[in-house]
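Here is a short briefing to read alongside the model.

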Amino acid sequence: MPGSTPSAAVSQNEGLIRPYKDLRDWLGIVGEMGELKIVHGADPDLEIAAITELVRLESTEKPALLFDQVKGYPPGYRVLTGIINTIRRLALMTNMPVEENVEIFVRRWKDRLKELRPIPPRYVQDGPILENIKADGAIDLRQFPTPIWHERDGGRYIGTASVTITTDPKREWVNLGTYRNMIHDSDVVGFYASPGKHGRIHREMFWREGKACPVVVTFGQDPVLFHAASSFDVPSGASELELAGAIKGERIEVIRGEVTGLPIPVHAEIAIEGECPADERVQEGPFGEFTGYYASGARPEPIIRVKRLYYRNDPIITGCPPARPPAESTFARSPLKSAAVWNVLEKTGLTGLRGVCMHPVGATYFFTVVSIKQAYAGHAKQAGTLAASVRGAGYMARFVIVVDEDIDPFKLEDVLWALGTRCHPDRDIDILKRTWSGPLDPMIPAGAPNHGSVAVIDATKPWEWKEEFPPAITFDEGFMRETRQKWAKLLGL
């Protein structure tokens with residue numbers, strides 16, 4: 001890979017994938033792992049998206065896809081999709097031991113999150129992002145092979161696996177978020193952000209002071225920066241840039257943007273800086289979103305007027321096109337958010353937690369399962385109500401199901417069995433009304449208030465007689481282990 005300096009990818013002693021410097025170094029390791037395919041000659045008008053979708057749905061290997069020699073564009077102008085489609089690549093991104101089991105990864109990541117301490121970025125004077133700099137009239141974002149991702153999309157979306165960097169007017173809080181960016185003109189992109197998101201809050205802070213909001217967006221970067229921006233829940237005032245440094249175990253190198261003063265990762269592939277004025281709107285959308293629908297329609301949305309364009313030689317656009325769940329965005333987001341919400345619930349003082357899974361098939365947000373060991377009357381209802389309310393799980397929540405400790409929250413067949421056999425609908429389902437949602441929720445009509453509702457479902461054994469509840473059919477674990485060892489070769493186990 002250009003720019004990569006691969007070494008031994010996996011430590012034989014610890015099962016850890018070696019650290020990497022930037023996206024190109026990361027791709028070198030992914031290639032060594034046998035999880036990268038390079039595709040030449042694809043058309044950016046739906047074909048790149050269709051290939052990505054076919055691999056997602058039908059490939060057993062689910063490799064990352066690097067598109068080069070894109071039709072109509074110079075060689076070296078590349079697009080990367082399928083970035084995090086396997087647990088091995090998720091482990092690489094999070095600097096974790098290689099693990100093939102989602103539940104074990106979630107448990108390890110949950111514990112590691114507790115130990116992470118923010119590491120501030122390092123400001124430097126130079127870096128690869130400065131290899132090409134364009135200003136004002138020389139800026140043309142259409143030079144990059146931005147795909148059309150879905151048949152009904154309203155335009156080319158360069159920002160699907162991007163990182164939007166904003167701050168508050170006092171410059172005390174730098175936030176990383178992922179908000180979709182549609183190309184409107186050579187130096188104008190959309191800035192769509194859902195209500196309640198930190199980037200939108202920053203934007204409105206500047207507008208209230210009568211100022212345009214300074215913005216930086218990168219369209220290709222270290223995968224940990226993208227997922228810090230899109231999948232990690234940090235409280236208001238905290239910086240995902242510092243969390244990304246903690247995950248990598250080193251300070252993220254940045255330059256200070258000459259127009260905005262905001263930090264720009266020096267190893268990013270493409271970056272823009274500009275401003276988002278309060279009084280300008282351009283028709284944006286529709287766009288196929290992570291819910292599996294074109295839920296937000298087309299309407300006037302804020303824009304970014306680009307003042308500077310930076311990009312590396314042979315730049316790579318990172319793409320994470322939403323699709324019907326489970327898709328790439330929900331595959332990676334689900335274990336990361338499950339671990340974070342598990343920790344948040346523990347911090348509330350809730351006892352007896354055995355597991356939390358925000359299922360990718362529910363677009364992560366719509367379907368959360370909490371496993372507890374019941375300790376008192378009302379315990380299950382308390383757990384469900386809390387899970388429906390905390391920030392990491394409360395946004396666009398639809399169903400929260402609480403199960404007993406003998407139910408694996410990561411296995412939908414276990415959860416549905418508990419739902420069918422331990423839930424009495426007339427007493428075990430409560431509805432929370434007027435909850436936090438947003439325009440991407442397909443159940444909210446266009447123009448309606450962004451209110452949702454959540455069904456909190458108690459699928460645990462009834463507290464009053466749980467000890468007399470019919471015993472489940474099981475086999476002794478030790479006996480099953482011995483039987484497997486005895487017959488594994490014959491049965492191909």
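Let's begin with Asp314, which counts as partly exposed at 35% relative accessibility. Please keep in mind that this is a predicted model. Asp314 lies in the loop between β16 and β17, and its phi is positive, about 50°, although the residue is not a glycine.

**Other backbone points to look at**

- Arg171 is another residue other than glycine with a positive phi, in this case near 60°.
- You will find Arg171 in the loop between β7 (163–167) and β8 (174–177), where a relative accessible area of 42% makes the residue partly exposed.
- Gly285 and Pro286 are joined by a cis peptide bond, with omega at about -5°.
- Pro286 belongs to the loop between β15 (281–284) and β16.

**Tyr311 in strand β16**

- Strand β16 covers residues 299–311 and includes Tyr311.
- Is Tyr311 buried or exposed? Tyr311 has a relative accessible area of 7%, and buried means under 20%, so this residue is buried.
- Beyond its neighbours within four places in sequence, Tyr311 is in contact with a set of residues that includes Tyr77, Pro128, Ile129, Glu131 and Asn132.
- The contacts of Tyr311 also include Lys134, Gln143, Phe144, Glu269 and Ile270.
- For a sense of distance, the C-alpha atoms of Tyr311 and Val403 are 50 Å apart in space, and the two residues are 92 apart in sequence.

- Strand β3 (residues 78–81) is covered on both faces. Arg78 and Leu80 are buried on one side, and Val79 and Thr81 are buried on the other.
- β3 pairs with strand β2 (residues 64–68) in the antiparallel sense, over three bridges. Leu80 in β3 is the bridge partner of Leu66.
- β3 also pairs with strand β17 (residues 316–318), here in the parallel sense and over three bridges. Leu80 stands opposite Thr318 of β17.

**A three-stranded open sheet**

- The order of the strands in this open sheet is β4-β12-β13, with mixed pairing.
- β4 (122–123) and β13 (263–265) are the edge strands, each pairing on one side only.
- Strand β12 (residues 253–256) runs antiparallel to β13 and is joined to it by three bridges. Arg256 has Pro263 in β13 as its bridge partner.

- How do helix α3 (residues 87–94) and helix α8 (residues 328–347) meet, and at what angle do they cross? Their axes come within 11 Å and cross at roughly 60°.
- The two helices, α3 and α8, are therefore oblique to each other, and their crossing is right-handed.
- On the α3 side the contact involves Ile87, Leu90, Met93 and Thr94, which meet Phe331, Ala332, Pro335 and Leu336 of α8. By class, this contact has seven nonpolar residues, one polar residue and no charged ones.
- Helix α5 (residues 198–208) has His198, Gly199, His202, Arg203, Phe206 and Trp207 as its buried residues.
- As background for reading that list, an α-helix has 3.6 residues a turn, so residues three or four places apart point the same way.

Key. Residues are numbered from 1 along each chain as its sequence is written. This is a predicted model: local features need pLDDT of at least 70, side-chain atom pairs count only at pLDDT 80 or more; totals for chains, interfaces and linings use all residues. Side-chain values use heavy atoms; hydrogens and water are left out. Buried means under 20% relative accessible area, exposed over 50%, partly exposed in between (1.4 Å probe, protein chains only). Helices (H or I, at least four residues) and strands (E, at least two) are DSSP runs, numbered from the N terminus. Two strands pair if DSSP finds at least two bridges between them. Axes are lines fitted to C-alpha atoms, for helices over the stretch in contact, and angles run from 0 to 180 degrees between N-to-C directions. Angles under 35 degrees count as roughly parallel, over 145 as roughly antiparallel, 65 to 115 as roughly perpendicular and the rest as oblique. A crossing is left-handed if the near helix is turned anticlockwise from the far one by less than a right angle, and right-handed if clockwise. Contact means heavy atoms within 4.5 Å. Ala, Val, Leu, Ile, Met, Phe, Trp, Tyr, Cys and Pro count as nonpolar, Asp, Glu, Lys and Arg as charged, and the others, Gly among them, as polar.
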